[in-house]
Amino acid sequence: MGKEERFVRIYSQRTALRSTEILVDTVTGVNYMYHAWTNTGGLTVMLDKDGKPVVSSPDEIKAMKK
């Protein structure tokens, strides 16, 4: 029985020195953006227009895992 990954990468854009990814926590549904440039990077919660965290529904998460 394999262990499921907690995070699912739903978007990725890369160049030689930069990387931007959107990750979804499959337990909470919270969406995060990770951006790295050369040897530095940062992770932040994605927010909607009202300043609340973007949260994917269980059905959306199920579709992401396929």
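The points below go through the sheet, its strand pairs and its turns.

1. A word on conventions. This is a predicted model, where local features need pLDDT of at least 70 and side-chain atom pairs count only at pLDDT 80 or more, while totals for chains, interfaces and linings use all residues. Residues are numbered from 1 along each chain as its sequence is written, and side-chain values use heavy atoms, with hydrogens and water left out.

2. The sheet is open, with four strands in the order 1-2-3-4 and antiparallel pairing. Strands here are DSSP runs (E, at least two residues), numbered from the N terminus, and two of them pair if DSSP finds at least two bridges between them. Strand 1 (7-14) and strand 4 (40-45) are the edges, each pairing on one side only.

3. Strand 2 (residues 18-25) and strand 3 (residues 31-37) are antiparallel partners over seven bridges. Within strand 3, M33 stands opposite I22, and Y34 stands opposite E21. The hairpin of these two strands has five residues between them, and G29 there takes a positive phi near 85°.

4. Strand 3 also runs antiparallel to strand 4, joined to it by six bridges. A36 has G41 in strand 4 as its bridge partner. This hairpin has two residues between its strands.

5. Please look at T38, in the loop between strand 3 and strand 4. T38 is not a glycine, yet its phi is positive, about 50°. Most residues other than glycine have a negative phi.
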